[in-house]
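Here are my notes on this one, as numbered points. Have the viewer open while you read.

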Amino acid sequence: MTIEGGSATDELVLVRKIEKFLIREVDLLDDRQFDDWINLFTEDGYYWAPASIDQRTPDAEVSLFFDDVPMMKTRFARLRHPRVHSQIPPSRTSHMLSNVCVSKKHGSELCSAEARFQMLEFRLGYDQRTFGGKYEYDLVLGPDDRIRIAVKKATILNCDDIHLPIAVPF
């Protein structure tokens, strides 16, 4: 954890604030509160999962998914449809985070964070799946203490493997 030009107390406060925010973020996914989750993003924010470990941007090659805010809204509207076959019955998920690292320049409203994750997905009648890897965030710290996600990148360890359809975010 580093805050360029900040005090040790500033670092501790910021790390705790970011940790609480990241835990709340994945809790919203686990509770299927998708609208509240989308509202954590900036208007031009996006969420993507690379299709290879060394993929640096979502623009140069195909990703597992690359969703801006309008696409997230479309995806979750589809997930809520009563006859969406990929979610009958709906998935239950449990996200776990660890090893949170935060970096920020003192006085800047921009912050980056990384965390290791595991996500369990269970659907009655289907095999339970586990995804694990690293989240990378670009965050905007607002003057009202509100944190917003500008970019969320989820690199799963086996991103270059064959996957059954992924309906819920990991």
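1. Is phenylalanine 34 buried or exposed? Phenylalanine 34 counts as buried, because its relative accessibility is 3%. Buried here means under 20% relative accessible area, exposed means over 50%, and partly exposed is in between (1.4 Å probe, protein chains only).

2. Before going further, the ground rules: this is a predicted model, where local features need pLDDT of at least 70, side-chain atom pairs count only at pLDDT 80 or more, and totals for chains, interfaces and linings use all residues. Residues are numbered from 1 along each chain as its sequence is written, and side-chain values use heavy atoms, with hydrogens and water left out.

3. Now the rings. The structure holds 8 aromatic pairs; rings of Phe, Tyr and Trp (its six-membered ring) pair if their centres lie within 6.5 Å, with planes under 30 degrees apart called stacked, over 60 edge-to-face and the rest tilted. One of them is the stacked pair of phenylalanine 34 and phenylalanine 76, at 4.2 Å centre to centre and 5° between the planes. This pair links distant parts of the chain, 42 residues apart: phenylalanine 34 is in helix α2 (residues 34-38) and phenylalanine 76 in helix α3 (residues 69-80). Helices (H or I, at least four residues) and strands (E, at least two) are DSSP runs, numbered from the N terminus.

4. Phenylalanine 76 is buried too, since its relative accessibility is 1%. Its ring also pairs with tryptophan 37, this time edge-to-face, with 5.6 Å between centres and 90° between planes. That pair again joins helix α2 to helix α3, across 39 residues. Ring pairs link Phe34, Trp37, Phe41, Tyr47, Phe65 and Phe76 into a cluster.

5. Two charges sit over rings (NZ of Lys or CZ of Arg within 6 Å of the ring centre and within 35 degrees of the ring normal). Arginine 75 lies over the face of phenylalanine 65, 5.7 Å from the ring centre. Lysine 152 puts its charged end over the ring of tyrosine 135, 4.0 Å from the centre.

6. On to the strands. Threonine 155 is in strand β7 (residues 147-156) and counts as buried because its relative accessibility is 10%. Leaving aside neighbours within four places in sequence, its contacts (heavy atoms within 4.5 Å) include Pro50, Ile53 and Phe117.

7. Glutamate 43, in strand β2 (residues 41-50), is exposed, with a relative accessible area of 77%. Not counting residues up to four places away in sequence, glutamate 43 touches Val69 and Arg148. Glutamate 43 and proline 70 are 27 residues apart in sequence and 9.1 Å apart in space, C-alpha to C-alpha.
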